[in-house]
Amino acid sequence: MSFEAELAETLRRTGEGFTTDPGSLAEAGEGRGRRLAARRRAAVAGGSVLALLAIAAAGAYSGGLLAGSGGSGAVGAPGAADAEAPPTPSGQERRTGAGTVTADQMVGNLTELLPGGKVTKTSARGTGDELGPMVAAVYDDGKGRAAITLGLQRVDPFGASARGHTECADKNVHAYDDCRTEQLPDGSRLLLHQGYEYPDRRTDTKVWRAVLVTPQGFLVDASEWNAAADKGASVSRTDPPLTIAQLKTVVTSDKWHAALNDLPAAEPEPAPPPESIALRDRYAVDALKHLMAGLEITVPVISQGGRGAYGYVVLDDGKGRSLLQMNVQQGSEHPGFTGKQSFVTEPDGTKVKVTAGPGDKDRSVTQWSVDTLRTDGLRVVVTAFNTADQNGPATRPAPALTMDQLRKIALAPEWNQTASTG
């Protein structure tokens with residue numbers, strides 16, 4: 001099972017690499033957050049306040065292993081809940097207001113913003129709910145029933161979570177019909193995305209999405225489908241009912257301001273880790289590129305991305321594009337290395353499991369993986385594909401890097417170095 005399959009709802013639209021244990025993953029995220037927060041406090045005490053603010057304004061910090069549902073840093077085919085069960089935000093986003101806006105008011109606001117038609121199967125949460133305000137409904141304009149959901153939250157407008165919510169996915173990795181980000185006159189950023197419920201398009205279910213992030217940290221996220229539910233329901237129409245312009249009108253409406261103002265402002269995100277810290281505490285994509293350079297792997301990188309502990313690059317040596325991704329996890333329990341699992345143990349105690357076979361989505365895709373677990377609980381997984389999009393067909397006979405190169409990246413001695421938290 002892939003890493004992405006278990007984390008896609010949290011790190012939206014990125015990475016398939018290894019099976020995770022939720023308990024150890026949460027512990028890892030908490031520990032990483034403490035280390036980064038400690039470094040941030042030390043930096044501020046040393047007079048680096050302005051530098052930290054400048055970096056934060058650039059939106060560089062990922063938020064660690066359990067970053068918010070903006071996920072992956074870039075937007076692909078987003079998921080949302082059935083119209084009868086509004087989506088639940090991740091733990092970081094659970095913000096409770098005073099309850100001045102009720103669930104019925106949320107439904108009323110959405111109904112007023114829809115261009116006529118019939119609204120049924122509504123479900124909502126007000127600002128007093130610990131899961132945050134949400135509204136969902138089934139909408140019928142006479143041309144087919146369609147699910148619509150909308151959620152509200154507060155974010156750090158200068159943080160990477162805000163930027164991640166409004167960035168288009170790397171089209172080398174995630175397929176979609178159209179995506180663009182607009183800068184509005186008031187400084188807000190608006191994502192407009194037209195894609196599919198499943199990246200491999202195994203059904204014709206489409207999902208169109210608009211996400212607004214304002215300079216005040218207001219985040220309005222709306223999605224619509226061409227079916228009465230996001231998963232499992234038959235397609236009822238060719239496209240979702242609202243045009244992209246109409247969806248934009250819904251998320252930019254001031255009808256949501258009362259609810260957003262009732263929510264507490266998000267805490268500022270910590271500054272990104274400096275380049276001088278240990279490899280295990282860097283962003284995964286930066287660590288991956290650093291190791292490739294050290295091993296003199298000169299295959300051109302045509303795109304890159306990821307978030308926090310997940311990172312990827314797309315390589316092209318002129319023989320076809322190839323996806324290379326890395327996941328880094330710090331914890332103590334990893335089911336993949338217990339019992340009679342097939343792995344070998346290096347002299348220093350590091351456990352290594354090498355796999356090679358077809359991809360999870362397309363049998364023509366070749367997937368090579370080196371999964372490593374050190375004695376202190378650090379897990380590094382490096383995976384390569386003979387395609388840039390693991391949901392699509394193969395673009396070359398084999399991945400661009402050899403299995404030996406993958407082993408050297410995963411087993412690099414630099415992973416053993418740790419940094420003081422100050």
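User: To how many disulfides does the count come?

Analyst: The model is a predicted one. A disulfide is read from the distance between two cysteine sulfur atoms, with 2.5 Å as the cut-off. By this rule the count is one disulfide. Cys 168 and Cys 179 form the bond, with their sulfur atoms 2.1 Å apart.

User: Which parts does the pair tie together?

Analyst: Cys 168 is in the loop between helix H5 (160-165) and strand E4 (178-183), whereas Cys 179 belongs to strand E4, so the parts tied together are 11 residues apart in sequence. The disulfide is left-handed because its S-S torsion is about -90 degrees.

User: Is Cys 179 buried or exposed?

Analyst: Buried means under 20% relative accessible area. At 14%, Cys 179 is buried; Cys 168, at 25%, counts as partly exposed.

User: Which residues touch the most other members of the largest nonpolar core?

Analyst: In soluble globular proteins, nonpolar side chains tend to be buried together. Here the largest nonpolar core has 29 residues, and Leu 110, Leu 150, Leu 152, Val 220 and Trp 256 touch the most other members. Elements that each supply at least two residues of this core include helix H4 (103-113), strand E3 (145-154), strand E7 (218-225) and helix H6 (244-252).

User: What does Trp 256 touch?

Analyst: Leaving aside residues up to four places away in sequence, the contacts of Trp 256 include Met 106, Asn 109, Leu 110, Val 135, Leu 150 and Val 220. A second, separate core of 28 residues includes Leu 279, Val 285, Met 292 and Val 370.

Notes
Residues numbered from 1 in each chain as written. Predicted model: local features only at pLDDT ≥ 70, side-chain atom pairs only at ≥ 80, totals over all residues. Heavy atoms only, no water. Core = buried A, V, L, I, M, F, W, Y, C linked by side-chain atoms within 4.5 Å. Buried < 20%, exposed > 50% of the residue type's maximum accessible area, 1.4 Å probe, protein only. Helix = DSSP H or I, 4+ residues; strand = E, 2+ residues; numbered from the N terminus. Contact = heavy atoms within 4.5 Å.
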